Each structure stands twice: as structure tokens, then as C-alpha cells.
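Have a look at the model below before reading on.

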Amino acid sequence: MKCSIPKGTRDFMPTEMARRNYIFDTIRNVFKTYGFEPIETPSIENLSTLMGKYGEEGDKLLFKVLNSGDFMKDVDFSQEYHKVAPKICERGLRYDLTVPFARFVVQHRDQITFPFRRFQIQPVWRADRPQKGRYREFYQCDADMIGSESLLNELELVQMVDEVFHRFGINVCLKINNRKVLAGIADLIGAPDKLVDITVAIDKLDKIGLENVQKELAERGLTPEQIQALNPVFELNGTASEKIAQLQTLFANNETGLKGTEELATLFSYIEAAGIRCQVELDLTLARGLNYYTGAIFEVKALDVAMGSISGGGRYDNLTGIFGMPNVSGVGISFGADRIYDVLTELEKFPSDLDQSAKVLFINFGPAEQAYCIRYAAQLRAAGISTLIYPDSAKMKKQMDFANKKLIPYVIIVGENEIASNSLTIKNMATGEQQTLDINQVVSLLK
């Protein structure tokens, strides 16, 4: 039998896990710096929680879990799929972390102090077509603040994006738009009921190009005149302040569009005052395909690597309302750990010491030396130094080769002389330099 795993999933070797944990730890540290608290939610949610929250295309990508037991009993399979599915699948794997978070907030409202700031680093699943940078199982690193409408929250998300990618050494462009602006444009072209169709199509602009976006808009029911009237979205140029000025003129008589423009103006004034280091751009073609966004929306792309968005998020005004807790506004950002991994790999930005399995290896010459090594290895570990003892008294060359393959920078050699003098001979594997030291000197050297 040939061993394999499902397409779109991966095994991770120790080196890969060390690099992934570097990503998670960096992002987690930034989240904590901004006062976010950790939570976790189950991998499986009720389908009633997930369905209808991600748009038509999102619903298709949900992994549904068959009911246990005799789930086929009393089911009429001659019916349409959308009628049969809820009867045989009552649960599904989570598609993202935001909708489960909204459910969490409603379910635990009496245990939460608002405004509530949470972060969550867990896997999600999508029945997507696997390709470079797109997997069926992948991790998201989310931070959300809920219970406040202040645009200072949006600014802090921008600051966290700036700090995370500064620490990674990745040059990025943070694109910002506002769904109210897109809603205002839909109003202006006489298609307010087509906002979802417009955003879903526009969100594919980078992937399929303007001509195909316009073709999809036509397939979604927009008239040629309405599609033509969208040109200002694609043609607006200049700095953020210049684009905002043009939008204020465009929306002079449109309350929704003007509100979105005012929010953008305020946010960009905050960004300018905050001294953000990364490139920030007002992009009116940014739509974010998820239906629940209502205000500011964000997307981050690496500038030096051909890759899709590596972070994204936005404001949602009533996501908790679908679970019975209306009028609670939230905003969040999600970092795509797997794509960030690919970018760091391509740019060779991972720290070099991540691949070390340990800082030091004790060479094992036999029972007497081994007993001596055990005592001192315990002292090194107590000092916080990662330490290995080679488990067998194999040939010296084999043990040295092991240290080299595992990228262990130091080995400790213990023989009769070291035991007699209560010392340790430590060798630097990079330079070949050897020193005979006492345990305190070894700890000082390794730390």
C-alpha cells in the first residue's frame, strides 16, 4: 500500500516546524504587544454557523462532515443537493476564524469585557483547488477587536501589519479600501442590489484581469451601461489624499459613499501621524470577497515575491447579529502563515539558527563517560541551553557527522582527562577550535 496524504495538505519536518513556529511566535508576540488575548475554538462548527456567511463561492468551499450513525436513513436522495446536504451533514470544518469568533462572542457574552481584543492561531480548511500558495488545510493568525466603532482600532491593525513584516524583513504593500465606498459606487450606477456581485467580481481583478472581470459582471446581471459606469473605480489615480478628494466630489449626493470616504480620510490621517514604515495604498479595486465586511478593508502583498495576499481583513458591523446579538461592531486582521512561510523561504529571510536541533552535543565514549555526561547535560539544560547526548557509544566520526547534519554548533568531548580534572572539552564545529573549561565557563560560552 502506497502511503500518501490528501492533496492540499502537508507533513512538516522538524526544520519546517522550527520555521513555522518562528512565524507563529513573531506574530503572537506582536499581538500581545497590542493587548490581544488568546482564545481557541473547535475545528468543527455546526453548518448552521458557517453557511451563508462567506458568499455563494465560500459556501461551495466548505468541508462538510457526514453525520455519524445511519445518516442515510429516511433521506430522499432524489431531492436537490442543497436540500439533502443539511440532513446528512450537520457540521463542517471551519472556513476561517472570524465567523467562529462571532459565534464565540455571542455564546460567551456574559464572560467577556467589551471592547474585547482576541487573537487566535489555528488551522482552517477550504475545499479549494490546491496550487502554489493555496492549500486545503492552512493556518490563520487572527486578531480582532469587537465592541468599538473607533477607527483607532483600524489604525492599530495597520501598525501591527507594519510591525510584523518589519520583523520578518519583508517589504509589503498594504492596500486599503472601504466597503461603503463600493456600496456608494453600486448606488451611483443604479445597481445597489448587485453590491455582492460587484465585490466578488472586482476581487478577482489581479487574478483574471479587467476584461474577464467585466465579462463576469455581465454574467452576474449588470448592464453594459452599469459596467461602463464602474470605470471611475478602475481609473482613479494619485495619492491617497487626491483619490479621497475625487471621491468626495463623486459622492457629493450619496450618503453611504460619502461616509466611507470620510472614514478613509480619517484612517489615512491617523496612518500619516503614526509614521508607518511599509507602503500603504488606497486601492478602490480592493473588494475582499467575504460578504460580512461593511467598512474598512485591508490586503497585504509582498513586493519582492510573486504571491497572492499574505494578510487581509476589515470591519464588520453586525456579524454577531446573525447569532442574535445585533449592533456589535468589530474589525480584524488575518495573517496567512503558510504564504508568509513561502515568502520568507523564497527571500531566504529565516534566521540561520532555526535549523539547529540543539546547541551542544555530548560525544558518548562509553558507560563511564556517559554517566559523567548525564550530570553535566542536566546542568546545561537547567541553564536553558538545548543539549543532546549521543545515545550510543558509536565511532567518533559517526557522532561528529550527526552533529554536522543536525547543524549543532558545539560538541563536548569527555575522556579520562576531563573526568579526572572535572572539566569539559568543547569544540566549535564551525572553526574547529577546542577549549577545556569548567562547567560554569561552558555555560557562559554557550549562553
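## About the model

This is a predicted model, in which local features need pLDDT of at least 70 and side-chain atom pairs count only at pLDDT 80 or more, while totals for chains, interfaces and linings use all residues. Residues are numbered from 1 along each chain as its sequence is written, and side-chain values use heavy atoms, with hydrogens and water left out.

## Aromatic pairs

A pair of aromatic rings is described by the distance of the centres and the angle of the planes. Here, rings of Phe, Tyr and Trp (its six-membered ring) pair if their centres lie within 6.5 Å; planes under 30 degrees apart count as stacked, over 60 as edge-to-face and the rest as tilted. Searching the whole structure gives 14 aromatic pairs. One of them joins Phe 24 and Tyr 139, a tilted pair with 5.1 Å centre to centre and 40° between the planes. This pair links distant parts of the chain, since Phe 24 is in helix H1 (residues 14-33) and Tyr 139 is in strand E6 (residues 137-146), 115 residues apart. Helices (H or I, at least four residues) and strands (E, at least two) are DSSP runs, numbered from the N terminus.

How covered are these residues? Buried means under 20% relative accessible area, exposed over 50%, and partly exposed in between (1.4 Å probe, protein chains only). Phe 24 counts as buried because its relative accessibility is 7%, whereas Tyr 139, at 28%, is partly exposed. Turning to Tyr 292 and Tyr 293, their ring centres are 4.9 Å apart and their planes are at 65°, so this pair is edge-to-face. Tyr 292 is buried, with a relative accessible area of 8%, and Tyr 293 is buried at 8% relative accessibility.

## A ring cluster and charges over rings

Ring pairs also build a cluster, whose members include Tyr 22, Phe 36, Phe 119 and Phe 350. Phe 36 has a charge over its ring as well: the charged end of Arg 117 sits there, 4.5 Å from the ring centre. (A charge sits over a ring if NZ of Lys or CZ of Arg is within 6 Å of the ring centre and within 35 degrees of the ring normal.) Likewise, the charged end of Arg 20 sits over the ring of Phe 12, 3.9 Å from its centre.

## Strands and their partners

Strands of a sheet pair through backbone hydrogen bonds, either parallel or antiparallel. Two strands are taken as paired if DSSP finds at least two bridges between them. An open sheet of three strands has the order E2-E4-E3, with antiparallel pairing. Strands E2 (44-46) and E3 (64-65) stand at the edges with a single partner strand each, so one side of each is left without a neighbour in the sheet. E3 is joined to E4 (residues 91-93) by two bridges, and Val 65 has Arg 91 in E4 as its bridge partner.

Strand E5 (residues 116-125) pairs with E6 in the antiparallel sense over ten bridges, and Tyr 139 is the bridge partner of Pro 123. E6 also runs antiparallel to strand E11 (residues 330-336), joined by seven bridges; here Asp 142 has Ser 334 in E11 as its bridge partner.

Leu 210 lies in helix H9 (residues 205-219) and counts as partly exposed at 36% relative accessibility. Which residues does Leu 210 touch, not counting residues up to four places away in sequence? They are Leu 205 and Phe 234, where contact means heavy atoms within 4.5 Å. Leu 210 and Phe 234 are 24 residues apart along the chain, and their C-alpha atoms are separated by 8.7 Å.
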